[in-house]
Amino acid sequence: MKIQSLEDLKKISQTYEKQIYAPEGIKVNIGMASCGIAAGAQAALNKALENYKDNPGVEICQTGCIGFCEQEPLVEIMATDKPRVLYQNITEDKIIDAIEGYMAGDFSKNKKWILGQLKDPRSLLDDDLENPLNGVEPIEDIPFMEDIPFYSTQVKIAMRNCGYIDPDCIEEYFAKKGYIAFLQALKNNKAAEIIDTVKASGLRGRGGGGFPAGIKWATCAKHHGDRYIICNADEGDPGAYMDRSILEGDPHSVIEGMLIAALGIGSKQGYIYVRNEYPLAVKRLVTAIKQAEAYGLLGENIAGSDFSFKITISTGAGAFVCGESTALMSSLEGKVGRPRAKYVHTVEKGFRDSPTNLNNVETYANVPAILLKGADWYTGMGTEHSKGTKVFSLVGKINNTGLVEVPMGISLRDIIFDIGGGIPKKKDFKAIQTGGPSGGCIPEQFLDLPVDFDELAKVGSIMGSGGMIVMDQDTCMVDLARYFVDFLKDESCGQCNPCREGLKQMLDILTDICDGKGKEGDIELLEEIGAMVQKFSLCGLGTSAPNPVLTSILYFRNEYEAHIRDKKCAAGVCKPLFHYEIDADTCTGCTLCAKKCPQNVITGEKKKPHVIDQGNCIKCGICYESCKFDAIKIC
Amino acid sequence: MSEAAMMETVDAVEIDYMELDNIIEKDFGQNKENLIMILQAIQRQYNYLPRPALSYLATKIGIPMSQIYGVATFYSTFSLEPRGRNIISICLGTACHVRGGNRVNDKLEELLKIGDGQTTEDKRFTLESVRCIGCCSLGPVVKINEDMHGRIGSDEVEKVLEQYE
């Protein structure tokens, strides 16, 4: 069926609203994003499907990322007469018990598997619907999801449907107010109004640069030629995976965002450039595009109008620099992905030398919500110059690893300690690295900083695509700086001298420092080369590459000095600069370390303090990790 | 990889030119702009990029071999050498790095006696480091073929490898 009008869309939505909110019988939603699958969600899904194949009263479904990655696989079970319950760590061996327990209304037996119950499953766009859980008696002694710190401060706009709908089912997206914003805009047929709304919303590019999307759209629309709409899904920042989750959990929100951009700017052809490392995202996108085409929402004469738009998927081949817009366009043309100087902007001459509008996944996913609820609603969230919400991936040394979407302006402390639940094993917080390899390391003294584009820049870091890597006392800042420079040196495209040679020199100096060969003057030399690379590199990769080194020198100079002068790495990372010792007073003689030592160099009698033979120790750290009494010290 | 080394691999694999035509013409419309995706399809077929296939591709879509070589060596997914039966991708992204991914990598290199990008002599394993597969919550992560092994300790590596022939 080809959708011709809003009425057509509403008719389909109504049937599926029921499926989403008020299923007949029991509905089980299993979080099937890549990380869920890696944690065992596929096996759990198969098991449940097999077990209930003859029971029409139990519907087993897949959904996208539910966000709380630390507790994957996550499973949500719902019915109309009971609260919706979210279960954690539900692997193959637990899923049947969980479903049976839910059906029987017995929540006490499996209580430790339960993360919480939902007060209200509606998204921000669904406020005209009645809360389907009205009148349902809550379960005693089970916390509400809305009260759990990990979820309580979150506001989901870009990820509004992730974890609620089946990403392979366009009708469920319809039921979540999908494609309404686009169809309304299409019927009004006022391109300038679309652009004005996006401008007024203050939406800034979520890929890293933070350029106002509305202004980009308006400039692109002014230039003549075959205009192109590109979605940058080449999410290369290590530690950032929100774009993958959106594509895997709600691909239609991105497609609709691109459609709206095409309508506003006047384009007939769109491209989505996805990382090759994200096979599931590609698969779900392909399905989504086919479904949208079948409903006549993509292709020729969309919804009976004279507007036509096609989307083609192109996969990257493993080059970080292709996240840079000009490099990406060059890669789309089948060439080597080398950036070019931007004295002529891509909105004027980009892909195939034509006017091109490029935004990232999260930016497009925000657009339908903004059009539907209005710019004023969107500007009600966030700070003066950074409106709305941002998705962050909270990873590293943090208790609650996961994807969180919070209003701009929230403090780093709230993100790390309230939402993230603090540092594991009661270790000390050392720094948080934002913005990927080109970002900076922010120390404890700035934890009360409100997170937005401008505030992060003030302390030498960037928002980037939203990766937040938390580091504790066991992370060596010099080693980390070396890690990032090593990464960027590998990924440098090699066409401009400052980046290609500068990074190599910086890496050599940092490697020397980590190997205990650091010299006086190395720090100053790093600062000098860093400043040069920042100033004279051609593209964004080069100009931001020294950030991790320069910020870590700024805030952790003492660590560099300890490496160079005292030849000590207090974090126990740089092997030539420390050794392990067993503290005789704390060691209980449990023998665990001796058993685990791959070199067999730990000796001692049972229940008596053990000793490490320093000469043959390879400092693999297995004893340090496995000791339950913290008896192994870094010296 | 040197020119000579490239030549050595010439007869390592038999090329099905009909199949190659299918990829180039049918799937990708013989279009230069699709070069990267054509190379990906060839690599899926042969597990690496055999030189004769690339020469054929060059004449077919009218791009000089040098340019194809440039693209094939620029992007990290492409391999000009035959790879092993099992591809180990060790994640060295930031989250895995701070959680000890390096120790796992050291262990893998020690056990297999190969470095990054190399293949064991018996062609059982190829070791490739990747920067972030987006499973940061499960770090350190090792992906072998399509299987994901999360929260892996360096002392567990040997056992995991045993599962693969």
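Reader: Which residue in β2(A) stands opposite N29(A)?
Author: This is a predicted model in which local features need pLDDT of at least 70, side-chain atom pairs count only at pLDDT 80 or more, totals for chains, interfaces and linings use all residues, and side-chain values use heavy atoms, leaving out hydrogens and water. Residues are numbered from 1 along each chain as its sequence is written, with chains lettered from A and ligands numbered from 1 in the order in which they are written. Strand β1 (residues 26-31) of chain A pairs with β2(A) in the parallel sense over six bridges (pairing needs at least two DSSP bridges; strands are DSSP runs of E, at least two residues, and helices of H or I, at least four, numbered from the N terminus). Opposite N29(A) stands C61(A).

Reader: Which are the edge strands of the sheet in chain A?
Author: The sheet is open and mixed in pairing, with five strands in the order β2-β1-β3-β4-β5. From one strand to the next, the twist averages 20 degrees. Pairing on one side only marks the edge strands, β2 (58-63) and β5 (114-117).

Reader: Where do the buried residues of α8(A) fall, seen down its axis?
Author: Buried residues (under 20% relative accessible area with a 1.4 Å probe, protein chains only; exposed is over 50%, partly exposed in between) in α8 (191-201) of chain A are I194(A), I195(A), V198(A) and S201(A). They line one face of the helix, because the directions from the axis to their C-beta atoms fall within an arc of 125 degrees.

Reader: What does that buried face of α8(A) pack against?
Author: After α8(A) comes G202(A), with a positive phi near 75 degrees. The buried residues pack (contact being heavy atoms within 4.5 Å) against five helices of chain A: α7 (180-188), α9 (213-222), α11 (251-265), α14 (361-373) and α15 (375-379).

Reader: Which residues does D226(A) contact, leaving aside neighbours within four places in sequence?
Author: D226(A) lies in the loop between α9 and β6 (228-233) of chain A. Its relative accessibility is 58%, so D226(A) counts as exposed. Beyond those neighbours, its contacts are S354(A) and P355(A).

Reader: At what angle do α3(B) and α4(B) cross?
Author: The axes (lines fitted to C-alpha atoms over the stretch in contact, with angles from 0 to 180 degrees between N-to-C directions) of α3 (35-46) and α4 (51-61) of chain B come within 12 Å. The contact is made by L35(B), I38(B), L39(B) and I42(B) of α3(B) and A53(B), L54(B), L57(B) and I61(B) of α4(B). The crossing angle is roughly 150 degrees.
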